[in-house]
Amino acid sequence: MFGDNLLVTGGCGFIGSNFIRYIFSREDFRGRIINVDALTYAGNQENLIGVDKSYPGRYFFERADICDPSAIQDIFERYDIDTVCHFAAESHVDRSIKRPVSFIQTNIIGTFNLLEAARMRFTSGRKFYLFHHISTDEVYGSLGPQGYFTENTPYRPNSPYAASKASSDHLVRAYHETYGLPTTISNCSNNYGPYQFPEKLIPLVILNSLEGKPVPVYGDGKNVRDWLYVTDHCEAIAEIIEHGRRGETYNIGGHAEMENISIVEMICDLVDELAPSETSRRRLITFVPDRPGHDRRYAIDFSKINTELGWSPKESFTSGLRKTVSWYLENKSWSERIINGEYQSWIQENYEQR
Ligand code: NAD
Ligand code: TYD
């Protein structure tokens, strides 16, 4: 059961758009989705082309900023929102290092505005099913070579992005403890798959290697991330919305720890196989100065969601990466259209100073 009127914030971004498609594909979902997105540089309505026609009368788009409380309250009223799935965020660590202010605004103040709108409904006795907050494993900081993040790992965020997400997690938790608002939180590892904006490692490497541009690897390339295919993440979120215990946090991970350099080499080889060129794309790999405060290793222990809700990832990293590279090759026009002026100036600013 998902409620009747599901507010998805940030539905034009990478995970949010995959989530909307996924939920509509489920036969047990009969409700409406109201997608609220400010369409920042990372938001793209093209990610949801055809959804309104495939599900007539059940998909609504509202361009609004979650930092605007009256716009958010108005949307709650007009659509009789009874469930929230909150993705909207500034999501790129490198951008948070260069310009943290929008991370504080959107990730903290924006989350607060949504919680307030939900609290008003809930405390006035109107139907309110759940506020689900999407968060990240980065709130836990960095691991050494051993060990895993559990739901009980203390928060130790190291980047402005991670600190702003940690702050929003605390607010969500406090609204449950103080007001009894039905909430759940999920802390997920690195996602990859179709529609990911090409500032993030995997799509950036796919597109640069295709275009014969340098493939930047930060530091020694031995930082480890735990990768999860985006559809597996969407399934985990749906499980939590339906069956997760209210007030609880669930860690979600891919059981797929990889060093960055290995991923970059795998992508170069896949691009060579699927779009052959005369010389190997590995020649494009370029080590660049490290990201400040770069977390060494993330790895998730997802035994809680596995034991309580029966969820585990379905996609292996090898099959998921092949699917992802193929998607970017088959959808070149998608990336061509989003690689706009703003994106180019970000790439210049971020990589020229390294
Ligand atoms: P994304 O950057 O691709 O998309 C973010 C979306 O939010 C965009 O559509 C953008 O327009 C919208 N948005 C930004 N600011 C807004 C505002 N003020 N008001 C309304 N909309 C706004 O991000 P993503 O990778 O899809 O991540 C979604 C969520 O998942 C985030 O909360 C992120 O912290 C979390 N997360 C991401 C990953 C990952 O690997 N991508 C991993 C764990 C958790
Ligand atoms: P990223 O996709 O930015 O995700 P996050 O920082 O949230 O984990 O980066 C994934 C890893 O790849 C991270 O260790 C930083 C590294 N990285 C590079 O080596 N080169 C790049 O150009 C980018 C964008 C990231």
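Reader: Which residue is the bridge partner of Phe131 in β6?
Author: This is a predicted model, and what follows is computed from it. Strand β5 covers residues 130-136 and strand β6 covers residues 183-188; the two pair in the parallel sense over 6 bridges. In β6, Phe131 has as its bridge partner Thr183.

Reader: Which strands stand at the edges of the sheet?
Author: The open sheet is formed by 7 strands with parallel pairing, in the order β3-β2-β1-β4-β5-β6-β11. A strand with a single partner has one side left without a neighbour in the sheet, and this holds for β3 (59-63) and β11 (248-252). The twist from one strand to the next averages 20°. The edge strands are therefore β3 and β11.

Reader: At about what angle to β2 does helix α3 run?
Author: Helix α3 is made of residues 69-79. It lies across β1 (5-9), β2 (32-37), β3 and β4 (83-86). Relative to β2, the helix runs at about 170°.

Reader: How far apart are the end C-alpha atoms of helix α5?
Author: Helix α5 has 23 residues, 101-123. At 1.5 Å a residue, the helix should span 33 Å. The distance in the model agrees with this, the end C-alpha atoms being apart by 32 Å.

Reader: At which residue does α5 bend?
Author: The bend in α5 is about 25°. A separate feature follows the helix: Gly125, whose phi is positive, near 80°. The bend itself is at Gly110.

Reader: Is Thr111 buried or exposed?
Author: Thr111 is found in helix α5. Leaving aside neighbours within four places in sequence, its contacts are Ile66, His86, Thr106, His133, Ser168 and Val172. The relative accessible area of Thr111 is 1%. The cut-off for this class is under 20%, so Thr111 counts as buried.

Reader: How many residues apart in sequence are the parts that Asp4 and Lys127 tie together?
Author: The side chains of Asp4 and Lys127 meet in a salt bridge, at 2.7 Å from N to O. Asp4 lies in the segment before β1, and Lys127 is in the loop between α5 and β5, so the pair ties together parts whose separation in residues is 123.

Reader: Into which accessibility class do Asp4 and Lys127 fall?
Author: The relative accessibility of Asp4 is 43%. For Lys127 the value is 45%.

Reader: Which residues are linked with Arg126 in a network of salt bridges?
Author: Arg126 forms a salt bridge with Glu77, with the closest N and O atoms 3.0 Å apart. This pair links distant parts of the chain, 49 residues apart: Arg126 is in the loop between α5 and β5, and Glu77 is in helix α3. Arg126 is partly exposed at 33% relative accessible area, and Glu77 is partly exposed at 46%. The network joins Arg126 with Glu77, Asp80 and Arg121.

Reader: Which residue forms a salt bridge with Arg322?
Author: Arg322 is in helix α11 (residues 317-330), and the pair reaches helix α9 (residues 260-274), 49 residues apart. The closest N and O atoms are 2.9 Å apart. Arg322 is partly exposed, with a relative accessible area of 37%. Its salt-bridge partner is Glu273.

Reader: To how many salt bridges does the count come?
Author: The rule takes a side-chain nitrogen of Lys or Arg within 4 Å of a carboxyl oxygen of Asp or Glu. By this rule, the count of salt bridges is 26.

Notes:
Residues numbered from 1 in each chain as written. Chains lettered and ligands numbered in written order. Predicted model: local features only at pLDDT ≥ 70, side-chain atom pairs only at ≥ 80, totals over all residues. Heavy atoms only, no water. Pairing = 2+ DSSP bridges. Helix = DSSP H or I, 4+ residues; strand = E, 2+ residues; numbered from the N terminus. Axes fitted to C-alpha atoms, helices over the stretch in contact; angles between N-to-C directions. Contact = heavy atoms within 4.5 Å. Expected span 1.5 Å × (residues − 1). Bend = angle between axes of the 7 residues up to and from the residue. Buried < 20%, exposed > 50% of the residue type's maximum accessible area, 1.4 Å probe, protein only.
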